Protein chains: 2
Amino acid sequence: MSDKVRIALDAMGGDHGPAMVVAGAELALARHPGSEFLFFGNSALLSPLLEARPSLKSASRLVHTDIAVKMEDKPSQALRYGRWKSSMWLTIDAVKKGEADMAVSGGNTGALMAMSKFNLKTLPGIDRPAIAALWPTVRGESIVLDVGATIGADADHLVDLAVMGAATARILFHLDKPTVGLLNIGVEEAKGLEQVREAGRILREEKLPDLDYHGFVEGDDIGKGKVDVVVTEGFAGNIALKTAEGTARQIGEYLKGAMSGSLRARIGFLLARPAFRKLRERMNPSRANGGVFLGLNGIVIKSHGGADAEGFAAAIELGHGVVRDELLTKITAALARAGKLPRQALGGAAS
Amino acid sequence: MSDKVRIALDAMGGDHGPAMVVAGAELALARHPGSEFLFFGNSALLSPLLEARPSLKSASRLVHTDIAVKMEDKPSQALRYGRWKSSMWLTIDAVKKGEADMAVSGGNTGALMAMSKFNLKTLPGIDRPAIAALWPTVRGESIVLDVGATIGADADHLVDLAVMGAATARILFHLDKPTVGLLNIGVEEAKGLEQVREAGRILREEKLPDLDYHGFVEGDDIGKGKVDVVVTEGFAGNIALKTAEGTARQIGEYLKGAMSGSLRARIGFLLARPAFRKLRERMNPSRANGGVFLGLNGIVIKSHGGADAEGFAAAIELGHGVVRDELLTKITAALARAGKLPRQALGGAAS
């Protein structure tokens with residue numbers, strides 16, 4: 001990897017399109033002046049946006065394509081019309097070809113995962129990729145995976161998720177041995193889904209070197225930050241993530257309602273405004289925007305479809321963290337130490 | 001059913017024990033002076049609590065038992081030592097024998113469900129019971145089921161849940177045709193779990209008379225109140241419920257932190273205190289405490305294990321609502337209209 005971090009951006013992804021992506025890249029460049037950007041998308045839309053930002057423009061290259069993956073299409077449809085030529089495909093392909101260190105897209109999650117899997121292929125020993133999300137907690141942040149890549153998981157897949165999630169936590173949170181919990185409906189060993197219990201038995205008995213297995217955790221333990229890594233399959237994980245987002249938004253609505261009540265309340269809130277601003281920031285999902293695709297031969301970051309420029313910059317930032325600390329090398333080494341990889345698949349990765 | 005609502009209470013259930021249960025019953029009696037209470041539990045603990053409340057005492061009967069189900073026991077263990085004689089069993093048994101119109105317990109959920117199923121049996125045509133929760137939303141309240149009774153569900157079971165949930169919403173929310181959504185990870189028809197897609201097909205095509213099928217909903221649609229009834233199997237439902245509770249608590253912590261910041265913030269919050277009190281009330285889980293067990297020959301209400309007296313009173317209140325409007329009769333009739341019951345199983349229930 002060169003000193004400069006090279007970032008491929010799907011400029012057509014997300015609900016707010018090229019303007020949001022370019023503005024997000026500008027914010028990210030200000031924070032990491034060594035970055036280089038590769039934009040893929042409609043040049044008629046992108047050129048004027050870059051012209052207006054000379055310093056960003058000088059750090060960027062623009063590759064035109066007419067084809068953009070639609071948010072509502074099925075992965076199979078998107079692959080049919082978007083393979084080889086859509087902005088999403090080309091963004092991933094830049095990572096495949098070694099022209100970029102990571103790909104970032106705010107587009108259709110299912111299509112992004114399907115194209116990433118098709119183009120980059122999964123790591124040796126991993127059949128099914130996962131999406132890891134950064135989850136704000138009262139203690140800081142945790143990693144929750146899988147938040148929607150793969151529905152259902154047997155015990156072995158859950159153990160893979162634990163190993164990959166822990167490797168990510170080691171890098172992002174600078175921890176030696178992150179704590180890992182399996183999401184379940186009850187914390188007793190005898191409770192919940194059979195495959196979750198079996199994964200718990202494996203993690204308890206095998207005492208893997210790179211993680212500290214805590215046991216089962218429940219939905220309300222995520223926000224407490226009880227463990228650094230919460231492991232679950234993609235259906236339950238996605239529902240947990242979206243439910244938490246919905247609840248935060250709902251309480252935000254309540255708060256707005258309370259603030260616009262009596263005159264006394266309005267004066268009080270006016271005085272407390274700086275404190276509220278801080279609160280809003282903590283509740284703001286763009287602070288922790290970005291899902292990391294795990295289990296692939298390359299770094300792909302999914303930004304939230306509804307993210308603004310600030311959120312998109314946070315997703316790029318997340319990519320900086322994992323690229324700088326060489327996530328793939330560390331995941332491969334951790335999988336090997338967990339006995340999940342044949343030695344010959346390792347190359348020089350195990351350290 | 002007599003005019004008076006007769007309520008059997010497991011006085012030993014919940015984290016806070018008899019004192020909380022008796023105080024909750026007193027609050028409930030004040031709101032529904034026609035209530036009669038049957039307390040099951042340790043009379044050495046209960047008698048003094050009732051002596052101190054003469055009007056509650058005169059509306060109550062106390063049945064002594066030494067045996068209480070522990071919060072941490074497996075359902076099978078609880079059944080072994082608690083069948084026939086624990087406070088939980090006797091509470092359910094009072095409903096079975098027709099001595100009470102409903103049972104309320106804050107005890108071990110798994111044990112309560114196992115004993116309820118064993119003693120009351122399921123409704124004809126229903127194999128597996130469910131727990132329905134009242135979920136506060138920005139529009140009011142919705143019903144979410146199953147929040148933890150039964151792990152996994154095939155398409156038919158999900159349709160049963162839709163029918164039973166809609167019958168409950170008709171009663172509790174006074175609606176003719178509640179809207180029903182299936183919880184999934186994406187709203188497009190082709191997304192998510194196969195059994196959820198199949199249930200969606202059945203609900204779309206069969207156009208059941210007692211509900212208005214909306215389609216799929218995602219985790220963040222629950223808090224928006226997008227539908228009156230959200231249907232999912234017990235694993236995902238429990239994780240959604242607990243995650244929402246955890247997120248609300250987490251934001252409460254943030255809020256507390258923000259309020260105790262600068263002097264200016266503290267003065268502001270002091271002025272806005274009445275508005276905050278209202279907000280706290282809306283965020284308070286005891287406002288909507290209580291899960292209704294559905295699919296059984298009898299009404300059993302689960303109160304949150306950590307509920308205070310106010311929360312326990314809310315669970316009793318919920319029972320009042322469903323008993324008064326004869327939930328079981330309406331569910332049986334709705335199942336019949338949905339073609340889920342043989343006509344001969346109906347008796348006079350279908351109207």
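Modeller: What follows takes the terms one by one, for a model that is predicted.

Colleague: What makes the pair A:E218 and B:K242 a salt bridge?

Modeller: The N to O distance between these side chains is 2.3 Å. The cut-off is 4 Å, from a side-chain nitrogen of Lys or Arg to a carboxyl oxygen of Asp or Glu, so the pair qualifies. Between chain B and chain A the count is four salt bridges. Over all chains, the structure holds 30.

Colleague: Why is the pair A:D228 and A:R139 called a salt bridge as well?

Modeller: The N to O distance there is 3.7 Å; the limit is 4 Å, so this pair also counts. The two residues are 89 apart and link distant parts of the chain. A:D228 sits in the loop between helix 9 (219-224) and strand 9 (229-231) of chain A, and A:R139 in the loop between strand 5 (130-137) and strand 6 (140-145).

Colleague: How many residues does each chain bring to the contact, and how much area is buried there?

Modeller: Chain B brings 53 residues and chain A brings 54. The buried area between them is about 4,600 Å², and carbon and sulfur atoms give 74% of that. In chain B, the residues that lose the most area to chain A are B:I185, B:F235 and B:Y254, together 15% of what that side buries.

Colleague: What polar contacts does the rule find across the interface, and which element of chain B gives the most to that side?

Modeller: Eight residue pairs are in polar contact across the interface of chain B and chain A, both residues being at pLDDT 80 or more. Helix 10 of chain B gives the most to the side that touches chain A, with 18 residues. By class, that side of chain B has 30 nonpolar, twelve polar and eleven charged residues.

Colleague: What makes a space in this structure a cavity, and how many of 30 Å³ or more are there?

Modeller: A space is called a cavity because a 1.4 Å probe fits in it but cannot get out. The search of the whole structure finds four of 30 Å³ or more.

Colleague: Which residues line the largest cavity, and how do they divide by class?

Modeller: The lining includes A:F235 from chain A, and B:L158, B:T232 and B:E233 are among those from chain B. Seven lining residues are nonpolar, one is polar and one is charged. B:E233 is the charged one, because Glu counts as charged.

Colleague: What is the omega of the cis peptide bonds that join L145 and D146 in chains A and B?

Modeller: For A:L145 and A:D146, omega is about 0°. For B:L145 and B:D146, omega is about 5°. A:D146 lies in the loop between strand 6 and helix 7 (155-173) of chain A, and B:D146 in the loop between strand 6 (140-145) and helix 7 (155-173) of chain B.

Colleague: Why point out the phi of A:W84?

Modeller: Phi of A:W84 is near 70°, a positive value in a residue other than glycine. Most residues other than glycine have a negative phi. A:W84 is in the loop between helix 4 (75-82) and helix 5 (87-96) of chain A.

Key:
Residues are numbered from 1 along each chain as its sequence is written. Chains are lettered from A and ligands numbered from 1 in the order in which they are written. Side-chain values use heavy atoms; hydrogens and water are left out. On a 1 Å grid over the protein atoms alone, a cavity is a set of points where a 1.4 Å probe fits but cannot get out, and a pocket is an open set with protein on both sides within 12 Å along at least five of seven lines; lining residues have an atom within 4 Å of a point. Grid points are joined across faces, edges and corners, and a volume is the space filled by probe spheres set on the points. Contact means heavy atoms within 4.5 Å. Buried area is the accessible area (1.4 Å probe) that two parts lose on being put together, summed over both. A polar contact is a pair of N or O atoms within 3.5 Å; within protein, one must be able to donate a hydrogen and the other to accept it, and residues adjacent in sequence count only if both atoms are side-chain atoms. Helices (H or I, at least four residues) and strands (E, at least two) are DSSP runs, numbered from the N terminus.
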